[in-house]
Amino acid sequence: MAFVITKPCVGVKDTACVAVCPCDVIHPTRDEPGFATADQLFINPDSCIDCALCVAECPVNAIFSGQDVPAQWGNYVEKNATYFRKENAAGVRDPINP
Ligand code: SF4
């Protein structure tokens with residue numbers, strides 16, 4: 001199961017995780033139009049390879065493996081997926097090569 005960015009990221013958006021992700025599946029990045037308005041960063045569940053490199057980089061411990069997301073933040077699994085569904089529907093990024 002993909003990794004998930006949860007509540008501690010809200011309002012922080014540090015982006016250290018973006019720098020280490022080998023697959024570029026964490027968005028929005030600082031240079032993307034949606035960065036300013038996004039409340040947090042998100043991981044594309046369809047493209048994450050479960051390498052876990054992002055976890056240690058997060059200064060607020062917001063990233064968890066899907067099966068380890070704390071119960072109170074369980075809705076963030078869907079929140080991450082929904083972000084990319086909307087982006088794909090809007091044609092913001094290629095769903096095959098996000
Ligand atoms: Fe990227 Fe790996 Fe984190 Fe998935 S687990 S978001 S592939 S760094």
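**View 1. The second largest cavity of the predicted model.** The second largest cavity has a volume of about 80 Å³, the volume being the space filled by probe spheres set on grid points joined across faces, edges and corners. Cys9, Asp14, Thr15, Cys17 and Cys58 are the closest to its centre among 14 lining residues. A cavity is a set of points, on a 1 Å grid over the protein atoms alone, where a 1.4 Å probe fits but cannot get out, and lining residues have an atom within 4 Å of a point. This lining comprises 10 nonpolar, one polar and three charged residues (nonpolar: Ala, Val, Leu, Ile, Met, Phe, Trp, Tyr, Cys and Pro; charged: Asp, Glu, Lys and Arg; polar: the others, Gly among them). The model is predicted: local features need pLDDT of at least 70, side-chain atom pairs count only at pLDDT 80 or more, and totals for chains, interfaces and linings use all residues. Residues are numbered from 1 along each chain as its sequence is written, and side-chain values use heavy atoms, with hydrogens and water left out.

**View 2. The largest cavity and the ligand.** The ligand takes up the space of the largest cavity, in which about 90 Å³ of space lies. Of its 14 lining residues, Cys21, Val25, Cys48, Cys51 and Cys54 lie nearest the centre. The shell around the ligand holds 11 nonpolar, no polar and no charged residues; among the residues around the ligand are Phe3, Pro22, Ile26 and Ile43 (a heavy atom within 4 Å).

**View 3. Contacts of Ile26.** Beyond its neighbours within four places in sequence, Ile26 is in contact (heavy atoms within 4.5 Å) with Ile5, Cys17, Val18, Cys21, Leu41, Phe42, Ile43 and Cys54.

Key: 1 Å grid on protein atoms, 1.4 Å probe; cavity = no way out; pocket = protein on both sides within 12 Å on 5 of 7 lines; lining within 4 Å. Sits in = over half its atoms within 2 Å of the grid points.
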